Amino acid sequence: MNFPNANSFSRSVMRSRSMGPNPLKLCEELLSYGDIPAGSVVLDLGSGAGLTSALMAREYDLTVYAADLWSDPSNNMRFFKELGLDNRQVVPLKADAIALPFATEFFDAVVSVDSYNYFGRDPAYLKAHLLPLVKRGGELLFAIPGMARDCHDDLPACLLASWTPEQLDYMHDIDWWRANIAQTDGAEILCICEMGCTREAWTDWIACENEYARGDRTAVEAGALDFLNTIAVRLRRR
């Protein structure tokens, strides 16, 4: 696939700041499904080390709030400044997804790459914690690591080569996510589909030299990507 915006970042930057399958490519493909105009105020939920936030601010002219529970906002701000981004373009903060410190209808849109499955599996989450923060008519875009089909009753050995059944319980298929999200009044499902860049994003990730990438490499090399995918979700707040 062609990723002009993701590829505007150096390979060394991508590898040093990725926390899973190439978030830049996942984000660029995810944004292609949606309609978020330049100048919009966007929540990057689960922003990690800031790659997706930087991409949206620099390449799409969005004002981004980079919210993550586990990353250091000061470290992320230094990274943004190195890219020439200031605190009017991207605002890093430490925040829990179930206690987001924003006013009702603060955001034009929400984007979440490779993190929604950690907190969004609770079908009450979307209505209780996230949807109220989005203006009516605003979009929510999620790139969710998933399964081609749910296989929790008979997990393949290749998946268990790197991950425990408890870790794999965070992964589900398109039908599971559609049923989960359909329970939320006020969230119009515009699209739920399998993304095209999954294998490429995983290939970039397992080429990284950190302990997490090396740990995942065992499963991928054993054939895990025959069972895994990434699910794009596009919603509109009614």
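D114 is found in the loop that runs between β4 (107–113) and α5 (116–119). In this predicted model, the residue has a positive phi of about 65°, even though D114 is not a glycine. How exposed is D114? It comes out as partly exposed, with a relative accessible area of 24%, and the cut-off for calling a residue buried is under 20%.

D61 is another residue to look at for its backbone. It sits in the loop between α3 and β2 (63–68), just after the end of α3. Its phi is positive too, at about 55°, and D61 is not a glycine either.

## The chain as a whole

Buried residues account for 54% of the 238 residues in the chain. Then there is the question of who touches whom: of the contacts with a separation of 6 or more, 77% are between residues 24 or more positions apart.

Where does α3 sit, out in the open or enclosed? Seven of its 10 residues are buried, so α3 is largely enclosed by the rest of the structure. The buried residues are L51, T52, S53, A54, L55, M56 and A57.

Part of the story is helix α2. Two packed helices are described by the angle between their axes and the distance between the axes. For α2 (residues 23–33) and α3 (residues 51–60), the angle is about 50° and the axes are 9 Å apart. That makes α2 oblique to α3, and the crossing is right-handed.

On the α2 side, the contact uses P23, L24, C27, E28 and L31; on the α3 side, the residues are L51, T52, L55, M56 and Y60. Sorted by class, the contact residues are eight nonpolar, one polar and one charged. L51, T52, L55 and M56, which meet α2, also turn up in the list of buried α3 residues.

## Helices α10 and α11

The axes of α10 (residues 198–206) and α11 (residues 211–221) come within 8 Å and cross at roughly 130°. That makes α10 oblique to α11.

Which residues make the contact? From α10 they are W202, W205 and I206, and from α11 they are Y212, A213, D216, R217 and V220. By class, this contact has six nonpolar residues, no polar ones and two charged ones.

## A proline out in the open

Last stop: P101, in the loop between β3 (90–94) and β4. P101 is exposed, with a relative accessible area of 52%.

Leaving aside residues up to four places away in sequence, P101 touches L93 and A95. As for A67, it lies 34 residues from P101 along the chain, and the C-alpha atoms of the two are separated by 9.8 Å.

Conventions. Residues are numbered from 1 along each chain as its sequence is written. This is a predicted model: local features need pLDDT of at least 70, side-chain atom pairs count only at pLDDT 80 or more; totals for chains, interfaces and linings use all residues. Side-chain values use heavy atoms; hydrogens and water are left out. Axes are lines fitted to C-alpha atoms, for helices over the stretch in contact, and angles run from 0 to 180 degrees between N-to-C directions. Helices (H or I, at least four residues) and strands (E, at least two) are DSSP runs, numbered from the N terminus. Angles under 35 degrees count as roughly parallel, over 145 as roughly antiparallel, 65 to 115 as roughly perpendicular and the rest as oblique. A crossing is left-handed if the near helix is turned anticlockwise from the far one by less than a right angle, and right-handed if clockwise. Contact means heavy atoms within 4.5 Å. Ala, Val, Leu, Ile, Met, Phe, Trp, Tyr, Cys and Pro count as nonpolar, Asp, Glu, Lys and Arg as charged, and the others, Gly among them, as polar. Buried means under 20% relative accessible area, exposed over 50%, partly exposed in between (1.4 Å probe, protein chains only).
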